[in-house]
Amino acid sequence: MRNGEKTRALPVKRPLMTRKRRQALHGIAYIMPACIIITMFCIVTIFMAIYYSFTEYNMINPPEFVALKNYTKLLSDKAFRSALVNTVKYVVITVPAQVCISLGLAAFLSEKLQNRFGGFARSVMFIPYIVSGIAASAVWDIVFMRNGLINAALGQVGVKGPNWLGDGNLAFLCVCIVAIWKNIGYFLVIYYAGVQGVPRDQHEAATCDGATPLQRFWYITVPSVKPITYMVVTLSIIQSFQIFDVVYQLTYGGPGTSTMTLAYIIYQAAFKDWKMGYACALAVVLLVFVLIVNLIQDLFFKEKTPKKGAGK
């Protein structure tokens, strides 16, 4: 190199793709199949249902645009009003029952049965959830029928059993019982994982202060699993609004319309009466109800965060 001659820096070869970009592309590639399936079978179908709700369509002839005719028909449909009332009653009964029972069982198993028997009990309670709703309801149909197991047991002690599925109020109660029994195991597993994450030192400190198990459950466990309760309530509400299989197998919506739900009349309108446009209008109304209830739930569970500068 001659004196006074400036050296030239060699150009640095930059990689065509950084590590973060490669990881991002890998992640997109992994989730792309799920996104395509969700888009095709969930998002697209929602917009299709909204479109068909403004038409008269029987799945044979081309859809005919009828504007708001299907929605105005809802206002005078007695079956819709009955199904709406039954669905709301069903949600009000099953959601609190599922949340309270599953949380109580999770706390009990976490506190008293930290052994193999506890694991076996959780597995047994989870089995009804993975069983088909039609199959589980068929078994309960044998239990609730006029000469079923319950009435046979009552007959052994000289008590004449009622017609469980023939009385409107009793049939609705039977549907609620079967649904609660079937879903408790699922929410129990979710709650159990949350209860296990509650610090043990809080329970030990409360025990040293003389707190009873019920007080520790109410003032330590319940507040600690509040985020999980939000998720459980959300899932339970969605499942309750979509109840169909238990009603279809046990009562077919009867006697009369005493156990008819929104999901069941959607099925009837679409696949029995061949009124797909009206069924889509019912489905849109059901979607709106679920969204409204979830918004109310968000307001109820929303954490109260202090405003900036409030403590200054």
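**Entry 1: a threonine to start with**

Is threonine 261 buried or exposed? I looked it up, and threonine 261 is buried, at a relative accessible area of 2%. For my own use I noted the scale: buried means under 20% relative accessible area, exposed means over 50%, and partly exposed lies in between, with a 1.4 Å probe and protein chains only.

Before going on, I wrote down that this is a predicted model, where local features need pLDDT of at least 70, side-chain atom pairs count only at pLDDT 80 or more, and totals for chains, interfaces and linings use all residues. Residues are numbered from 1 along each chain as its sequence is written, and side-chain values use heavy atoms, with hydrogens and water left out.

Back to threonine 261: I found this residue in the loop between helix H11 (245–250) and helix H12 (262–271). Helices (H or I, at least four residues) and strands (E, at least two) are DSSP runs, numbered from the N terminus. I then listed what threonine 261 touches, leaving aside residues up to four places away in sequence: Ala83, Thr87, Ile243 and Val247. A contact here means heavy atoms within 4.5 Å.

**Entry 2: the whole chain**

I stepped back and found 13 helices and 2 strands in the chain. The C-alpha trace spans about 115 × 70 × 45 Å along its principal axes. I checked the radius of gyration too: the chain has 28 Å, while a compact globule of 312 residues would be near 20 Å. That radius is taken over C-alpha atoms, and the globule rule is 2.2 Å times the number of residues to the power 0.38.

Of the 312 residues, 36% count as buried. Among contacts with a separation of 6 or more, 69% are between residues 24 or more positions apart. The chain exposes about 20200 Å², and carbon and sulfur atoms supply 67% of that area. Accessible areas come from the Shrake-Rupley method with a 1.4 Å probe, and for residues only the protein chains shown count as cover.

**Entry 3: salt bridges**

How many salt bridges does the structure hold? I counted 3 salt bridges, each being a side-chain nitrogen of Lys or Arg within 4 Å of a carboxyl oxygen of Asp or Glu.

Glutamate 111 is partly exposed at 31%, and arginine 200 is partly exposed at 43%, whereas arginine 216 is buried at 10%.

Elsewhere, lysine 69 and glutamate 56 form a salt bridge at 3.8 Å, N to O. Lysine 69 is in helix H2 (residues 69–75) and glutamate 56 is in strand E1 (residues 55–56), 13 residues apart. Glutamate 56 is partly exposed, at 45% relative accessibility.

**Entry 4: aromatic rings**

I found 16 aromatic pairs in the structure. One of them joins tyrosine 248 and tyrosine 267 edge-to-face, at 5.6 Å centre to centre and 85° between the planes. Rings of Phe, Tyr and Trp (its six-membered ring) pair if their centres lie within 6.5 Å; planes under 30 degrees apart count as stacked, over 60 as edge-to-face and the rest as tilted. Tyrosine 248 belongs to helix H11 and tyrosine 267 to helix H12, 19 residues apart. Tyrosine 248 is partly exposed, at 27%. I also traced a cluster of ring pairs through Phe244, Tyr248, Tyr252, Tyr264, Tyr267 and Phe271.

**Entry 5: a loop alanine**

Which residues does alanine 67 touch, not counting those up to four places away in sequence? I found Ser53 and Phe54. Alanine 67 lies in the loop between strand E2 (64–65) and H2, and is partly exposed at 31% relative accessibility. Its C-alpha atom is 9.9 Å from that of tyrosine 51, 16 residues apart along the chain.
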